[in-house]
Structures are given as C-alpha cells and as structure tokens.
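Subject: Structure handover

Hello,

Please find the structure below. My notes on it follow.

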Amino acid sequence: MEHHGESQGHHKSYLEGGGIGSWLTTLDHKRIGVMYLAATMLFFAVGGIFALLVRLELLKSGPLFSPDVYNKFFTFHGAIMVFMFIIPIIPAALGNFFLPIMIGAKDVAFPRLNLASYYVFIGGALLAFLAIFFGGVDTGWTFYTPYSIRSATSVILVTMGVFVMGFSSIMTGLNFIVTIHKLRAPGMTFHRMPLFLWAIYATAIIQVLATPVIGITTLLLVMERVLGIGFFDPKLGGDPILFQHFFWFYSHPAVYIMILPGMGIVSEVITVFSRKHIFGYKAIAYSSLAIAFISFLVWGHHMFVSGQSAWANFLFSILTMLVAIPTAIKIFNWTATLYKGSIHLQTPMLYALSFIFLFTIGGLTGLFLAALSVDVSLHDTYFVVAHFHYVMMGGTVMGLLAGLHYWWPKMFGRMYPEIWGKISWAFVFLGFNVTFLPQFWLGKMGMPRRYHDYGPEFATWNMVSSVGSWLIGVGFLMMFIYFLWSLKRGEKASSNPWNGKTLEWQLSSPPTTHNFDHVPTITEGPYQYGVLR
Amino acid sequence: MLPQASTIAPHIDSLYNFIFWISLISFVGVVAAMVYFIIRYHRSRWDPFKTPYITGHSAMETSVSVGLFILVMVIFAWGWKDYKKIVSPPQNSLEISVLGHQWFWEFEYANGKKLTNELVVPKGRPVKLIMSSADVIHSFFVPNFRLKQDLVPGTYTTLWFQATQTGEHPVFCAEYCGTGHSKMLAKVKVVEPTEYARWEKEEKKEKGLNPAEVGKELFTKKGCNVCHTVTGQALIGPSLLGIFGKNEELADGKKIQVDENYLRESLMQPQAKLVKGFPPVMPTFQGTLTDEEVNAVIAYIKSLK
Ligand SMILES: [Cu+2]
C-alpha cells in the first residue's frame, strides 16, 4: 500500500489525555472499542468461572452442589458466554477499533450511535446480571418453553437483558454496514478490503436481519409469563415448539455472528505470519456472504427430534449439509496460504493455526449431527456439547486470541511478553482438547447434556474433562495477568512489529485520535507479499 | 462399545462409522499439510522476502467444492434413508402410551396395566410408543437403541423400535426439564415373546378397566353421546365409528388423516379443523379432560371399528 507521508510524531495517541469522564463520553471508535474489550473480557472471566464450577460438579459422580444450583451455573455459563461475550466481542471490540482504520476512515459513520450501543449493551448486561441477586435462572441459555414459563426463577430479567443487548448488536451492525459502504478511502474498493472486514460486513448483515427476531421472541416469552397470553403454553392452547422455531431462527444465524469474525481474523494473521498473499481472496470473501445467507435457512436442524415433520427435517438436513462447502473452502484456502510461505510461529500465528486445527474438528463433527439418522442418536448428548465448543471456543475464541495478540501492540503501544504468550497458548490448546475431546466419547456413549449427575459408566471421561478445564483456566489466568502487566511494563511496540500490509500498520502504535492526518489513497490489495511475478 | 439392541442401531452405526472415517481422513489430511508446511517453510529455513506470489487456484477450489458437495449429499441421502425407517412404524406394532412427568416416566399398556420407569417389551416385535408430557418437554432416549424422541405437552409424538437383545436397556431424559432432569431414568426391559405373553396375561387378571373401557364411560359421562353416535349415524356431530386412520374431509376442502394428534386437537380446539358438513358447535374440553382422560377417550375411539 502506498504511504502518504503520515507525520504524526507530534500528535497525541488516542490513549492519552482526559480522565475517566472523557473515556465514558468518548465518541472515538478506538476508545469505545477498548471499553467494549474491557467489558466483554470481564464477562468472559465471569462466564469462565461458571464453566469451571460446572466442570467441578461433574468431576466425580455424586452431588457437590444441589441440582438447582448446578442448573443455574450452566445457564449463567451459557447465557453469559453467548450473549455477553462471544457475540459482541470481536465485532464490537476489535471491529470497532480496526474497521474504520482498515478502510482509511477517521471513525465509524455514526459515532454517537456507537457510544449509545455501548451503554445499551452495558444496560442489558446489568439487567441480566441482576438476576443473580434475584434467585438466578435455571432454564439453560435456550429458554425453552414451557419450562421457561413455569420456572420460578428470574427468567424475565435475563430475557429482558437479552432483549436490550439485542438493540446494541443491531446498532453496531447497522453502523458497520454504513461505514463500509460510505467511508472507504479513495481506492479502497470492496475487493481491496482486508478479509477481516468482509467477515465483519457479513456478520453485520446477520446482526441487523436476525437480531430483531430474538427481540420479539424474548418479548413474547415475557408477555407469556406476565400476562399468560398463550403463545407457547399448551395449557392455554399454545405451541411450545413455536418457541423453538423463533429461538433458532435467530440463534442459528447467531452462530455465524460468532464464528465469521473469528474467520476474518484468521485470514489476516495467516497471511502476515507466512508473508504470503492469501490463497483465494475472493473465495474466502464470498464464502462469508454465502455462509451468512445459508445461515438463515438451517435453524430447524436443532429440532430434528422435536416432533417437526419428516419433510421439514429432510429440507433442514440437506440445507445444513451445504454449509460444509463454504466452510471447507476456507479451511482449504488457509492451509494453502501456508504453502511456500515463510512461517513465523509467534503467538498470534499459534492461535490462528489452532483455529484451523480445532475448527476442522468442529466442522467435521457437524456432519454427524446434520445426518438425520445419526442425529437421532446424538442430539442433546455431550457429543453436541463437544461439537459446539470446538466451533465456538476452538473457532471463535482461538480467532479472538489470535487477533488480540496480533493487534495488542497497535491498540496499546506495548508488546505482550512472547514467551508467556506461548506458554499460555500451550495450556489453552492442550487444556481445550483434554476438556472437550472426551466429551465426544461421552456423547457417543449416551450421556445427555445438562446433567447434574451421571452413572459410573461416564465417570472416567468426565474426570479427564474436568481436569482439562483447569488447564484452560491456568492458561487464561496467565494471559489475563500478562496482558494487564504489558499495558504498563511491556516492551514498547514499533508501528509495524509484524510487517503487516493493512492500513492499521501504517499508523503509530497506538494510533492518534484521528487515525489519519491525510486521507490515504489505496492502490492495491491488502496482501501484496512475496516476489511479484 | 454400546450394545446394538434394536434393528435400527446397526444402520445408524454404519453411517456413523462412515462419517467418522471420512472425517478422520480429511482431518489428518489438513493437519498433515499444515504441519508439513510449518516445518518445511519455517522462517528459519525460508527467506521471508522470497515467498512466491500465489493468489489462488480456482480450479482447485472448484474441485474441492464439487467433491465435497457429492460427499455431503451421499451422507445426507444415507441419513434420510435410515431416518425414514425411524419415523415409519410398521402397521402391526404393539402400541404403548408414554407420559413424561417431572421427573418420571409412566407407561400404559392397552390392557390398562401401568408401569413407572420400567417399560416391558417383547423381543423381535415392533413397538410403537405414543408419547406426551404432563408438564414440560422431555425426551425419551435409549442409547442402546440409538433412538430418541421429544415428548411435547399438548401433542403426541411417536417413536418405534424393534428390540433385538433381551435384558435391561437404560433410558435417559435428554431434554432438560429442571431439578430432577438427570435422575429421570428408566429402563426398557426386553423379554422373550413367550415370557411377554405370560406377563401380559397375568397382569390382565388383576387389572380393572383398560383405557378404552375408561374412555367408553367418559363418552357418556362427559356428554359426547349428545352429539355423537358410535354406530355410523350422524347426529349434531359425525359418528365416531371407524374414524381412526380414515382420511377425513374438512370444511376448507383439505383432507387429513385421523391420528392421535388430530383427535386430541378435536377435543382441545374443536374449531381448529372442522369436519365438512358440520357446524362449529363442539365445545372445547381443554381443562375438563385430564391428559389421562384424553388418552382414554382416544383409546376408545380407536377401538370403534
Ligand atoms: Cu425430562
């Protein structure tokens, strides 16, 4: 990319100046991104503690906590991780920070809306957290009716929290779509956009189109509980399966809200750390859109044994199979990018490669669940739990960690300690596999999910799995410590420590408030590495 | 390994194994390529400024897509083929009704015998479970049979199997249902057909009314006979003789096959589907008939042949 003489030595970085008040009222997309990062990482820590408690209960057969307490643990774990961490974190934290920079803009299209979305998010999260003090919730993050109508716990607080957070998600998505359409620097055509932005763009479309449905669904559920209207309650002539349709109509696309941004990060990191042009730029870019599109047509695969008609199952199964194709293309292209690269195994790359490794397992095990007859045996067992953790944690979280280490120097002007990065990676990666690989086996043997207790036939692998969760815990603890440590003590980062080609690496680390002093002009694609032919 | 204790289990396992091997091969392929590239092209060995400029290879991408498309369609078709068997109970199945409760299972046989948390079935004979729930959604899951089906309150779902191994097979509730979810256990006790016949007979002696007989009493007690005969003659409402399994013509011109769910709906929301040629005057029995009474009435209607 061409460099248009940035001379920003005398400008202040976005981190400097102003007290806490100026942060809380900032319209700077970078500061808002950092505030999102702080909040979502905090929620991640809380969700992680609940995860450890769940695994602690399952360490041995026989009760440790009461069933009701355990049921609240897994509900909080799931709800926090899904709605407060994995859905928002990459778009709202990293996307907010880097999207405008990567297209050569000074900010997002609607900075005030951006700040509003942050407070709406925090408001929704607080509402949901309030439930902890009002008896908790025990419905699972899926809120299936009629259980959620009858549960005596604080279903209303949590679902209203989800409802409110949904608005934040819609606002962010809308903002990003407009920003990408309207604020690209001269020469930044769609086909010169970094793949991370394609992924964020596809995600934003899903956020805008699908999130209203979860809003309506939670609202209907609340009305059902408060007014007894009878949408879902069979006692009042309602249909409990209707709720599942509504719920998954959002929550299946939401799975792609979670994974697409992670895929985007992997595309960036793989190229930079192999110093190669991405293999199949257009295929990766358009497969994101293809995935976003298909994601709206497959919700019924969560309901193969709910009693929905065989023909509905036929359609949902065949459509689900199609998701495999754009997904496999991406895996193929990332791997092919490594070919004849110059591969540098720094922490971001280790996480990006872990993504490919784990996400491939997650994707392939999806085939078992998409096949109708096999799903009849595996549905709602630990096989499913393992599958979606390989996708969500092995995919999205690995992508997030790749991105976080990759962009940390840019965001905060300090390097994280590489050696600790690698040690912590080893704990997270090994711990992850020790935790979740055995769960495939547990599911195959028939252990249902959301079980507070289990028989002796499941004892060994549950114990292994719980020990694995401690390894993950240690890995993340290290990471939290060294990230915080590096904010003050880390080695000062140069403006381009990884030799990246995308626009953010042309700014100082950390960037100035206005990003670019002069609007950059873009003359080539983002991955022009290697000896040009 | 889990025993394969139903006729469908080996089929499901074959597809499982097929996908397993395909997946393993693909996974090993991806990882082997990745590891090889990492070692071969590690920066210590490969000048970062001499990487070649390769931007893609559409022919390769297309062939991967096409190959994969064929493969997943094979998996889909295989899954569908077996799934059709799973949802098509044979005509001569032994029917047993199942009611899920927080947190136990209740099984009721045609002769009125009720069992809790134990389902006795003969080996080698198709068994069809007609299931519903008294409270929240549950899911009847027998790992040894590789089968599961949700039980949804307010409607009937069915599950059929043919057991191939005698003995006791564990049953789990697979849909989260609250405090006792993980304790909502039962077993399917598969016995030899002769033993089953003996068991069925001896149970008959000590029982009072069977569900169809209870249903017959309810038919007059609840005033159905005011509007319905069971002789083939129409009154205010149609005769209920021989309607089960029949293709009923509705007021809006559609046709529907009379099954348990249709009958249940006729009682709970009579106006939802009107029989052609009759006025919408049947009152709802929502709240008047308990789940068990609804089952009994349905059993009675089924017995009218
Ligand atoms: Cu249950």
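Angles under 35 degrees count as roughly parallel, over 145 as roughly antiparallel, 65 to 115 as roughly perpendicular, and the rest as oblique. The angles run from 0 to 180 degrees between N-to-C directions, and the axes are lines fitted to C-alpha atoms, for helices over the stretch in contact. Helices (H or I, at least four residues) and strands (E, at least two) are DSSP runs numbered from the N terminus.

This is a predicted model, in which local features need pLDDT of at least 70 and side-chain atom pairs count only at pLDDT 80 or more, while totals for chains, interfaces and linings use all residues. Residues are numbered from 1 along each chain as its sequence is written, chains are lettered from A and ligands numbered from 1 in the order in which they are written, and side-chain values use heavy atoms, with hydrogens and water left out.

Helix packing in chain A

Helix α2 (residues 29-57) of chain A packs against helix α16 (residues 459-489) of chain A at about 155°, the axes being 9 Å apart. The pair α2(A) and α16(A) is therefore roughly antiparallel. Their crossing is left-handed (the near helix is turned anticlockwise from the far one by less than a right angle; clockwise would be right-handed). Contact here means heavy atoms within 4.5 Å. On the α2(A) side the residues include F44(A), R55(A) and L56(A), and on the α16(A) side W470(A), F476(A) and F480(A) are among them. By class, the contact of α2(A) with α16(A) has 8 nonpolar, 4 polar and 1 charged residues. In this scheme Ala, Val, Leu, Ile, Met, Phe, Trp, Tyr, Cys and Pro are nonpolar, Asp, Glu, Lys and Arg are charged, and the others, Gly among them, are polar.

Helix α7 (residues 155-182) of chain A and helix α8 (residues 195-227) of chain A have axes that come within 7 Å and cross at roughly 155°. That makes α7(A) roughly antiparallel to α8(A). The contact of α7(A) with α8(A) holds 22 nonpolar, 9 polar and 1 charged residues.

Helix α4 (residues 89-102) of chain A meets α7(A) at an angle of about 20°, with the axes 12 Å apart. The helices α4(A) and α7(A) are therefore roughly parallel. P91(A), G95(A), N96(A) and L99(A) of α4(A) touch F176(A), T179(A) and I180(A) of α7(A). The classes in this contact are 4 nonpolar, 3 polar and no charged residues.

Chain B and the interface

An automatic or database domain assignment supplies the domain bounds: chain B has domain 1 (94-202) and domain 2 (211-303). The C-alpha centres of these domains of chain B lie 26 Å apart, and 16 residues of domain 1 contact 10 residues of domain 2.

Between chain B and chain A, the contact takes 78 residues from chain B and 95 residues from chain A. The area buried there is about 7400 Å², with carbon and sulfur atoms giving 69%. Buried area is the accessible area (1.4 Å probe) that two parts lose on being put together, summed over both.

Backbone points to check

The peptide bond from T145(A) to P146(A) is cis, with omega near -5°. Q102(B) and W103(B) are also joined by a cis peptide bond, with omega about 0°. K340(A), not a glycine, has a positive phi of about 60°.

Regards
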